[in-house]
Amino acid sequence: MPNITPILDVVARARKRMLLGQLMGSLGRVTLWAGVALAVVSVATKIVAGWWSPAGERGIWFFVLVGVAMGGIALWSYLTRPNTQGDVAVASVIDVRLKLHDRLSTAVAVAERSDPFARAAIEDGLKIARDRRIMEALGRAIPIEAPRNWWAGPTLVIIACAVWWFVPGLSLGNAQASAAQSEGELQAARDAAKIQIDTLQAKIETNPELSKALGDGGDEKKLGGDLTDEKLQSPESVRRETTRQVNEVSKKLDELLAGEKAQQLEAMKDALSRIEPSKSGPLKDLGEALKRGDGAAAKSALAKLAEQVKDGKMDEKSRAELAKKLAEMAAQLNDAAKANDALKKALENAGLDGALAKNPQAAKAAIDAAKNLNEAQKKALKEAVQSQAKANEKLEKLANACESMSSQCKSGGKKSDNSEGKSSKSGEASEGSAAGSAEGANEAAEVLSEMETLNELMKDAESARSQCQSTGADPSEKLGSSGMNAGRGKGMLGERTKEKTDTATRTRKEKVQSTGGDVIARQLVEAPPVVGESRATLQQLSGEIGHGYEEGTEEDPVPANLRELHKHYFGDLKKKIDAKSGQAAPVTAPDAAPPQK
Amino acid sequence: MSTAVNDLETVESVRKACADFRLVADRLRQEIGRVLVGQAEVVGQVLIALFADGHVLLEGVPGLGKTLLVRTLGQALGLKFSRIQFTPDLMPADILGTQIVVDDPLTGQRDFKFRQGPIFAQILLADEINRASPKSQSALLEAMQERSVTVGGETRRLERPFLVLATQNPIEQEGTYPLPEAQLDRFLLKIIINYAQRDDLAKIIDRTTGSIAADAQTKAVLTAAEIAEAQKLVRVVLVAPHVQDYAVRLVLATHPGGEWGVPELERMIVVGSSPRGAQSLILAAKVRAILAGRCAVSTQDIAALACAALRHRIVRSFEAEAAGLTCDGIISEIVRLVPAEAQE
């Protein structure tokens, strides 16, 4: 039998190339079918919600597993392929592709024959197989390349993934499966809401005062309670209810942080910051603590001081010195109580006399009488007056305590020295002074305790509000509802009522009777814009305009190049207003000139 | 042919025999070319049929040189040549010969003596064969298949080689008798003769219309013995099993409704090729392989001769005719669709 090894080598090489090509083709087909299957599954999942939904990480793992499975199938089918490609068949493929006139395949087919024609055919085949060019030609004739439509499979897989993750479900049909899926999502939403509510509740309950302050309306008891309500049957409604409840708490915290207690604390701190503490001596700690507004430290320092005074162990000089310092601090506290700077400024901003700050009753009366303030502004101002009054009262108590201790120091301290032969009258006076000092110290300690409590309350309220904001409270709800400006810009007409929405409690303006007049002015306010009609008369407005003009030109003179323009503008405006109201202008701009046409 | 087929024992002797074969064929081709201008492919196919010991049906419009080709071939081969012009009144006896009464002057007795017809030749030109009646056409059946003639109960062998070259005109259908399938099947190849090309036509005009008409005399360049030896060599040419299988698959593909039929063409064929089709394919392919310098048949040889060997063996359906699909079109489609690679 002739040796046809060179032919078989060519055949073996061609077979390898063909198998690799087949493997790539198989991979292409497997990918295509996988893509089709995934696309069908993805679309079906989107059309029939809950039919099958490995969401999130499970989805990724699902796709990974599908990919691995497809790769495994392709490899397995390659490794276990039936070996149908015999030598003659492979050689025949080479012959056909290289147009060799079946020389190789004939040589392989007749390899076992010994007749001269067969031997001649084998020699022909060997001659071709030994030609070096055959291997190069083989690479061209049997290329190892990806299938023509190899991109179709990966494209389908990508589309399937995109549909899976980015296309929202249509929830058509299969209501039961959909309900099961919804139940799972609902429970997940309830769990998430519970975690948020519990965190906020824990934050509030760290301070009993804060809990008490927020519980005035009793709403805090419902915090998280409505989440299991039968009406809340969708994750979205649970989230909305959670947001609404957190907004409620946030609003209350806002009110607390802008309320009377906060203003009172602020006024006290403001007043105490004016104190000039002694740089040495026994009053140093107390003075510094008061200046910082640190109630706890001040209380401690005061107790220590009261103990020193009570012991009476100080020498005469030290007592005299301490008495002097205490008297000075009492004077400073009295001065601070009388300063009322913040209130004075607020009153002046509201167009009232700043001196009214010294007399709360008169200030309240003046606020009531003020026509340029709306009800909310009046209320805010009255609260400020009230807070200032309370702060002053407490400052006075502190001052009294200092004065009492000063007196006790002057009188010699504790009444334990009767045995030393002093007169009984002197002893009684000393006893009275000590009793007064102790009472003053107690009052001061109470004031400082209250101050510290308020400090803690505000700090915890601020922390809870931050928690609310991080939980998702609507920050726009806080606009226009804090500080001394609370209530401003809410319009002058109608009472505001609270309206419960899906996510929050919003302030809604009540409808009022319209007088049918033109909208003549709008004002930018620090709050959601409220647009309405004014009932102010034109005459009143023209007076205000004229007044504003006078003030403006006095306080901030108009530049020379704009003066004429200024005059003409206000002059024209005034004339038009007067013409509209049909009256002679009661108030005229002093420098207004007739318009030049 | 210097190398006898029986002496082929070595590869070199095979190669030499094949080379001699090619030389003979080239000689013959050149001799024919001296008379016949162009039509190289037709000449090549006629030679294939000659060496394959098969008959040829030439089809072409008048004036393309069919008769000239056959006459020239007969002259170049140095064989006995006869020509029969088929006409509607041609009788079988006019072809085969007849018994005639002969007076013996010596004895004064009368006796029947067989007078040979024109069929008793080695190269027979059956000109316009479709003009004769089926009865006369069928007179050729035995001669073509058995190479013998039976007249008056006596069978007479025809001298080998015996080659029938029939011609027919495809356009004149009136007064003609299409050959029956049995007769067609006996032709090894059906060769279509097309119009001459521009250069060939110019040469033809030069040779036939000049002042001195070319009167080329064809010499006999091949003897009957050489032809017989060449035909023997063809029989031993190697056909690998998978190549033969390709020929078989091609023939089976012409069978409507068969296992190997081409679904797209099933409704286009009424009758498929007989086994003679496969035999013709292989024989003709063998000759083609030797002429191409190979000593083994390839699938390309078979594909190249598929139309010539099969076109007269299949019957188109009315649907195919209505669709304008010719037999050649059907066979070409089969060749395109049946894979040439070995099928295991």
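This is a predicted model: local features need pLDDT of at least 70, side-chain atom pairs count only at pLDDT 80 or more; totals for chains, interfaces and linings use all residues.
Q: Where is B:Ile302 found?
A: Helices and strands here are DSSP runs numbered from the N terminus, with at least four residues (H or I) for a helix and at least two (E) for a strand. B:Ile302 is found in helix H12 of chain B. Residues are numbered from 1 along each chain as its sequence is written, while chains are lettered from A and ligands numbered from 1 in the order in which they are written.

Q: Is B:Ile302 buried or exposed?
A: Count the other C-beta atoms, placed from the backbone, within 10 Å of a residue's own: 20 or more is buried, 12 or fewer is exposed, and in between is partly exposed. B:Ile302 has 29 such neighbours, so it counts as buried.

Q: Which residues does B:Ile302 touch?
A: A contact means that two C-beta atoms, placed from the backbone, lie within 7 Å. Not counting residues up to four places away in sequence, B:Ile302 touches B:Val243, B:Tyr246, B:Ala247, B:Leu250, B:Leu281, B:Ala285 and B:Val297. Take B:Leu250: it sits 52 residues from B:Ile302 along the chain, yet their C-alpha atoms are separated by 9.1 Å.

Q: Which residues have the most contacts inside the largest nonpolar core?
A: In soluble globular proteins, nonpolar side chains tend to be buried together. A nonpolar core is a set of buried Ala, Val, Leu, Ile, Met, Phe, Trp, Tyr and Cys residues joined through C-beta atoms within 7 Å. The largest one has 132 residues, and B:Leu238, B:Leu281, B:Ala284 and B:Ile302 have the most contacts inside it. Apart from it lies another core of 58 residues, including A:Ile275 and A:Leu454.

Q: How many residues of chain B are in contact with chain A?
A: 24 residues of chain B meet 20 residues of chain A. On the chain B side, helices H1 (11–35), H10 (241–253) and H12 (299–310) each give two or more residues. H1(B) provides the largest share, 4 residues. For classes, Ala, Val, Leu, Ile, Met, Phe, Trp, Tyr, Cys and Pro count as nonpolar, Asp, Glu, Lys and Arg as charged, and the others, Gly among them, as polar. That side has 13 nonpolar, 6 polar and 5 charged residues.

Q: At roughly what angle do the axes of H16 and H17 of chain A cross?
A: Axes are lines fitted to C-alpha atoms, for helices over the stretch in contact, and angles run from 0 to 180 degrees between N-to-C directions. H16 (residues 360–369) and H17 (residues 375–411) of chain A come within 10 Å and cross at roughly 175 degrees. Under 35 degrees is roughly parallel, over 145 roughly antiparallel, 65 to 115 roughly perpendicular and the rest oblique, so H16(A) and H17(A) are roughly antiparallel to each other.

Q: Which peptide bond is cis?
A: The one from B:Arg160 to B:Pro161, with omega near -10 degrees. B:Pro161 is in the loop between strands E7 (154–157) and E8 (163–168) of chain B.

Q: What is the mean pLDDT of chain B?
A: pLDDT is the predictor's confidence in each residue, from 0 to 100. Chain B has a mean of 85, and 96% of its residues reach 70 or more. The model scores ipTM 0.82 and pTM 0.53.
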